[in-house]
Amino acid sequence: PMGFGAPSPLARVAKETVTKPQIKPKAKMKNLFWNRIVLPQEDLEANDTIWRQVAVTAKKAGGLMQGLDEEQLIGMFAKKSKKKKGTGKTGSPSGKKKKVRKQKVKALDGKTGQKVGIMLSQLPGIDGTKRCIETMDKSFDEDRLLKLKSILPDKESMKAIQRKEEENTKRKGEPLDWDKPELLFIMMNKIPQLKNRIDVWLFSLQFDARLLLLMRQFDQFVAACEEIRK
């Protein structure tokens, strides 16, 4: 099939004719991924194609690159060369010591942590989410509010976080550097009446749509009663 290594039927029938000299640029250029289509020479001569016009124009100009800014083309399409970093005495680039990245502390189980992490990426950060909950920000739409409601902290998750904190206190360790899902749960757990607040918030967002639905149902009921009286 075409595109998997086999030449196209057009390429098999056509006799390849080199119409342009090979140009070797000063720098290595980026690859262009395209399928080559070779037209027979008689088609090039008989039909006024764009490629024939290019060939005639290039011939009149004295070469394909005549009238083109070669340096500009190289600057736009040349491959960027990777700079090799020198190795110092410590064995790391430029002699600097490699910083060991401190791992974030996790307490939630993998499934819960992953779910909260995905939802958190669709929320305005931990501080932004807290501010929206406290002020019932109108920019927080129903869709995001429903997603937030689906990841409210449960008792088991908060117990797991508390156990980690108690273990750290016994060891007299440094303050725990929590991962983002745990930080979100800790923040939400501190907001009083969180579930009730979100339910009221949702009701206020859905009120107009629900009222419109009830009005339609009421109109239908009234119309049905009038038909029965007739």
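In which loop does Leu176 lie?

1. Leu176 is found in the loop between H8 and H9. The structure is a predicted model, and in it Leu176 is partly exposed, its relative accessible area being 23%. Although Leu176 and Val105 stand 71 residues apart along the chain, their C-alpha atoms are separated by 6.6 Å. Leaving out residues up to four places away in sequence, Leu176 touches Val105, Lys164, Glu165 and Asn168.

2. The average pLDDT of the protein is 76, and 69% of the residues score at least 70. Among the elements, H9 has the highest mean pLDDT, 90, whereas helix H1 (residues 9–13) has the lowest, 47. For residues 1–5 the pLDDT is below 50, and this stretch has 3 contacts in the model beyond near neighbours in sequence. Residues 9–14 also have a pLDDT below 50, with 8 contacts beyond near neighbours in sequence. Where pLDDT is low, the predicted coordinates should not be read in detail.

3. Helix H5 spans residues 110–120, and its buried residues are Gly113, Val116, Met119 and Leu120. These residues lie on the same side of H5 because they cover an arc of only 130° around the axis. An α-helix has 3.6 residues a turn, so residues three or four places apart point the same way. On the face of H5 turned away from the buried side are the exposed residues Gly110, Lys111 and Gln114.

4. The surroundings of H5 may be described next. Its buried residues are covered by elements including helix H6 (125–135), helix H7 (142–149) and helix H9 (180–189). At the start of H5, the backbone nitrogen of Lys111 has a side-chain oxygen of Asp109 within 3.2 Å.

5. The largest nonpolar core holds 28 residues, of which Phe140, Leu145, Leu148, Ile161, Leu184, Phe185 and Met188 touch the most other members. Two or more residues of this core come from each of H5, H6, H7, helix H8 (155–171), H9 and helix H10 (194–229). H9 provides the largest share, 5 residues. Which residues does Leu148 contact, leaving aside its neighbours within four places in sequence? They are Leu123, Thr129, Ile133, Phe140, Met188 and Ile198.

6. Two loop residues deserve a remark on backbone geometry. Most residues other than glycine have a negative phi, and most peptide bonds are trans. Met136 is located in the loop between H6 and H7, and at 28% relative accessibility it counts as partly exposed. Gln193, likewise not a glycine, has a positive phi of about 50°. Gln193 belongs to the loop between H9 and H10. Is Gln193 buried or exposed? With a relative accessible area of 56%, Gln193 is exposed, because the cut-off for that class is over 50%.

7. Cys132 is buried, with a relative accessible area of 7%, while Cys225 is partly exposed, with a relative accessible area of 28%.

Technical notes: Residues numbered from 1 in each chain as written. Predicted model: local features only at pLDDT ≥ 70, side-chain atom pairs only at ≥ 80, totals over all residues. Heavy atoms only, no water. Buried < 20%, exposed > 50% of the residue type's maximum accessible area, 1.4 Å probe, protein only. Helix = DSSP H or I, 4+ residues; strand = E, 2+ residues; numbered from the N terminus. Arc of directions from axis to C-beta. Contact = heavy atoms within 4.5 Å. Polar contact = N/O pair within 3.5 Å; in protein donor to acceptor, adjacent residues only side chain to side chain. Core = buried A, V, L, I, M, F, W, Y, C linked by side-chain atoms within 4.5 Å. pLDDT = per-residue confidence, 0-100.
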